[in-house]
Amino acid sequence: MNSVRTRTCAVAATFALTFAGALTLPANANAPRSAAATTAPAATSAPAARAAAAPRWKARPAQYPSTTTVKDLAIPMSDGTILRGDLIRPVTASGAVVKKKLPVIVTITAYNKTVMAGGSMGLGGADASYLVKRGYLQLTVDARGTGSSEGIWQAFAKRENKDAGEVMNWAHRQSWSNGRTGMSGPSYMGISQLWAASARPKGLKAIFPQVPAADVYRDVVASGGQIDVGFMPLWMGLVTATGVIPPAVTASDPRSGVVALLSHLSGALTFTTPMLVTALLGGEPAFDGPFYRERSPIEVLKKINVPTFLVGGEFDLFQRGTPLVFENLRKRGVPVRMIYGPWDHLQGSSGADVVKAGHGSISELQLRWFDRYVKGRKDRRLDKEIPPLTWYEQGTGRWRSGSQWIGKRHKAVSFSLSGSAANMKPGGLTRGKARSGTASVYPIPVAGLCTRSMNQWTAGLPKLSGLANPCLENNALNDAAGVTFDSAPLRKPLSFQGPLNARIYASSITGDGMLSIAVEDVAPNGTVTRLTGGWQVLSHRALDRKRTRFLDGQILQPYHPFTKAAKKPLGANQVGAIDVEIFPTGARIKKGHRLRIAVQAFDIPHLLPTIPDLPGTLTVLTVHNSAKYRSRLTLPVIK
């Protein structure tokens with residue numbers, strides 16, 4: 001054990017010094033690499049396919065030159081709680097407010113509508129005035145217990161989700177509304193749209209969620225069974241901080257403002273803080289169950305029947321969840337589009353780079369979608385010009401298109417881990433006969449700091465800050481915190497798109513620990529590009545096969561219960577099959593490059609074990625591969 005401690009401390013010291021130095025260097029974190037590329041089989045290059053087509057759709061010009069805002073409208077809920085909303089209306093060139101009844105686009109936010117109106121690092125999505133100047137109204141509503149709204153915020157609790165449908169019915173009935181409504185907004189505001197649409201309110205014709213979640217436990221709260229400490233405290237702190245700002249409504253309605261502020265303070269003390277503490281102490285919020293089912297839109301997607309335009313990110317907090325929303329709606333025949341790009345959460349929320357997909361800017365896409373489905377304007381070219389699925393292909397920098405998330409154009413291809421691996425000495429990754437071997441993965445608690453994962457699970461704040469970090473472009477240093485398995489240089493390109501699975505046979509002295517897996521592209525010059533990743537706690541290895549996705553008989557997307565009842569450590573040094581869900585992506589590894597799977601035991605600052613689980617996590621993991629223990633990576637390869 002002394003040698004383990006010495007080695008762990010040495011690698012940790014190297015990481016700390018390198019990471020500190022990296023923060024002083026200029027870099028363009030997460031910048032997509034462009035390269036000359038050949039077209040992937042059975043995948044269309046979206047912009048190129050339209051180049052020779054007829055002139056594309058053009059956005060209609062603004063009808064009105066300016067807007068005005070009516071602040072803090074009272075929106076009563078069925079339980080007597082008053083929510084508050086700001087209404088943006090168009091103004092004519094003469095300065096008159098347009099009184100004509102118009103369709104209403106609604107956004108429900110937990111980030112304080114007054115703060116958002118002043119700029120919010122892209123968290124508010126597209127500029128609302130763009131649509132208003134083209135004949136829409138924009139209603140932005142503070143969610144229950146936030147901003148100027150009364151009540152206690154409980155993060156998509158049943159009552160708040162009911163509010164979403166009631167807000168839409170209220171907007172439908174107002175004198176300034178023509179009865180036709182839509183919804184827009186990213187992140188929390190995107191999730192609110194799914195809850196509202198599931199209530200099927202009168203007049204709701206279309207929604208436009210950017211970077212929404214599907215299953216909040218698996219998507220972000222506890223990926224693989226450990227607690228997210230990178231984003232969750234930041235997010236809950238943001239909602240709490242913007243909630244305790246004296247409500248803007250206090251100026252016009254002091255009583256309502258005081259009631260709202262007191263309820264917000266109560267929520268911070270009775271919900272936000274206790275939930276975080278209880279989760280870290282290993283209480284109920286550390287496990288999946290009724291609390292998270294109540295808050296996960298995936299439970300009600302079957303009720304959504306309105307046209308939906310989704311924006312998702314390959315490095316987003318909801319990298320896993322947004323495609324599940326698309327897939328559910330697509331299978332049921334609901335008109336749906338998804339653009340899935342190389343974006344972190346803040347990038348996906350702002351939508352600034354959506355234009356690179358070749359279908360127009362985020363504002364133009366919203367106008368086109370709402371004109372077609374909310375206003376009912378004819379647009380016969382929409383189906384031809386915007387395919388159901390548009391996704392960014394890492395490795396080539398190309399945009400691809402398709403009609404299904406996972407379908408007939410995919411086949412399951414597995415690469416087996418081969419031979420032994422040690423720090424700085426990769427094992428093999430092969431489609432042929434594998435050699436037997438083992439690898440020791442040491443518990444190095446700085447693994448993850450020098451990787452794209454660090455930026456992803458802090459919502460993109462490191463990149464936004466402008467602080468240099470070459471680790472976001474080259475994962476080689478982080479790989480030194482564990483072991484790697486590399487394929488031989490590829491003889492031909494390998495294209496895959498969708499979720500992946502790593503079945504790793506592992507053991508440890510404590511019978512627990514976490515596998516942090518990265519799937520990577522190793523260039524001939526040694527640059528290592530992290531494509532995606534996944535995590536799995538050994539004691540949460542139980543598999544629900546009915547909810548697990550298979551492709552060609554192979555597990556492609558495992559589903560683990562993550563309940564207290566299902567949790568069971570292995571015996572000391574007992575070998576177990578651990579299916580690690582690798583979050584979805586799209587990539588093409590070029591000829592001459594290598595496919596790599598990297599294994600670590602931590603992913604900081606993303607995940608930490610609960611306090612009771614910490615001792616069992618500080619152990620050496622052993623990865624096994626042999627004829628008996630066939631550890632392997634399975635990819636959805638494009639035929």
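## Terms and basis

A residue is buried under 20% relative accessible area, exposed over 50% and partly exposed in between (1.4 Å probe, protein chains only). The model is predicted: local features need pLDDT of at least 70, side-chain atom pairs count only at pLDDT 80 or more, and totals for chains, interfaces and linings use all residues. Numbering runs from 1 along each chain as its sequence is written, and side-chain values use heavy atoms, with hydrogens and water left out.

## Aromatic pairs

The structure contains 19 aromatic pairs (rings of Phe, Tyr and Trp, the last by its six-membered ring, with centres within 6.5 Å; planes under 30 degrees apart are stacked, over 60 edge-to-face, the rest tilted). One of them joins Tyr 217 and Tyr 292, which is edge-to-face because the centres are 5.2 Å apart and the planes stand at 65 degrees. Tyr 217 belongs to helix H7 (residues 216-221) and Tyr 292 to helix H10 (residues 290-293), so the pair ties together parts 75 residues apart in sequence. Helices (H or I, at least four residues) and strands (E, at least two) are DSSP runs numbered from the N terminus. Tyr 217 is buried at 0% relative accessibility, and Tyr 292 is buried at 2%.

Trp 343 and Trp 399 make a tilted pair, 5.8 Å centre to centre with 40 degrees between the planes. Trp 343 lies in the loop between strand S10 (336-341) and helix H12 (345-350), and Trp 399 in strand S12 (residues 398-402), 56 residues apart. Both Trp 343 and Trp 399 are buried.

## Cluster and charges

One aromatic cluster is formed by Tyr 136, Phe 208, Phe 309, Trp 369, Phe 370 and Tyr 373. The charged end of Arg 372 sits over the ring of Tyr 373, 4.7 Å from its centre (NZ of Lys or CZ of Arg within 6 Å of the ring centre and within 35 degrees of the ring normal). The charged end of Arg 134 sits over the ring of Tyr 130, 3.8 Å from its centre.
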